[in-house]
Amino acid sequence: MHDGFSLETLGVPTAVIVTTTFLHEAKVQRAALGMAGLAPVVIEHPSSSISEDEIKARAADALGQVVKVWQGDLAEPGGAGVV
């Protein structure tokens, strides 16, 4: 979230990716940083102990959310595949 905040402050559209387990913490951090509008892209947890094929599938699932964030269309997690 901190890197996303820094990049957004510089005017760089940013998609911060978090796993489901860390979604609450991401929301707390964005509130603390004053970036309530920074919508995290949410993927299933875990991400460090999965196969390459599972990583590719999660990346494909995240892509639609990332595009929506960059376009300003994902205000808050809650769409398909999002917690």
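Biologist: Where is Leu 7 found?

Modeller: Leu 7 is found in helix 1, which covers residues 2-9; helices (H or I, at least four residues) and strands (E, at least two) are DSSP runs, numbered from the N terminus. This is a predicted model, so local features need pLDDT of at least 70 and side-chain atom pairs count only at pLDDT 80 or more, while totals for chains, interfaces and linings use all residues. Residues are numbered from 1 along each chain as its sequence is written, and side-chain values use heavy atoms, with hydrogens and water left out.

Biologist: Is Leu 7 buried, exposed or partly exposed, and why?

Modeller: Leu 7 counts as partly exposed because its relative accessibility is 35%, where buried means under 20% relative accessible area, exposed means over 50% and partly exposed lies in between (1.4 Å probe, protein chains only).

Biologist: And which residues make the nonpolar surface patch?

Modeller: Leu 7, Leu 10 and Val 12 make a nonpolar patch of about 270 Å². Patches are made of residues with over 30% relative accessible area and no salt bridge, with like charges joined within 9 Å and nonpolar side chains (Val, Leu, Ile, Met, Phe, Trp, Tyr) within 5 Å. The areas come from the Shrake-Rupley method with a 1.4 Å probe, and for residues only the protein chains shown count as cover.

Biologist: Stepping back, how do the elements run from the N terminus on?

Modeller: The order is α-β-α-β-α, which comes to 3 helices and 2 strands. Of the 83 residues, 30% count as buried.

Biologist: OK, helix 3: what span should it have, and what do its end C-alpha atoms give?

Modeller: The 20 residues of helix 3 should span 28 Å at 1.5 Å a residue, and its end C-alpha atoms are 28 Å apart, which agrees; the expected span is 1.5 Å times one less than the number of residues.

Biologist: Where does helix 3 bend?

Modeller: Helix 3 bends by about 30° at Leu 63, the bend being the angle between axes fitted to the seven residues ending there and the seven starting there. Just after helix 3, Gly 72 takes a positive phi of about 80°.

Biologist: Which residues of helix 3 are buried, and what covers them?

Modeller: Arg 58, Ala 62, Gln 65, Val 66 and Val 69 are buried in helix 3. What covers the buried residues of this helix includes strand 1 (17-19) and strand 2, where contact means heavy atoms within 4.5 Å.

Biologist: How many salt bridges does a search of the whole structure find?

Modeller: The search finds 1 salt bridge, a term that means a side-chain nitrogen of Lys or Arg within 4 Å of a carboxyl oxygen of Asp or Glu. Lys 56 forms a salt bridge with Glu 52, and their closest N and O atoms are 3.5 Å apart. Lys 56 and Glu 52 are separated by about one helical turn, because they are 4 residues apart in helix 3 (residues 52-71). Both Lys 56 and Glu 52 are exposed.

Biologist: Switching to prolines, where is the place of Pro 40?

Modeller: Pro 40 is in the loop between helix 2 (23-32) and strand 2 (41-43), and Pro 40 counts as buried because its relative accessibility is 0%. Pro 40 and Leu 23 are 17 residues apart in sequence, with their C-alpha atoms 7.8 Å apart in space.

Biologist: Which residues does a cis peptide bond join?

Modeller: A cis peptide bond joins His 45 and Pro 46, with omega about 0°, and Pro 46 is found in the loop between strand 2 and helix 3.
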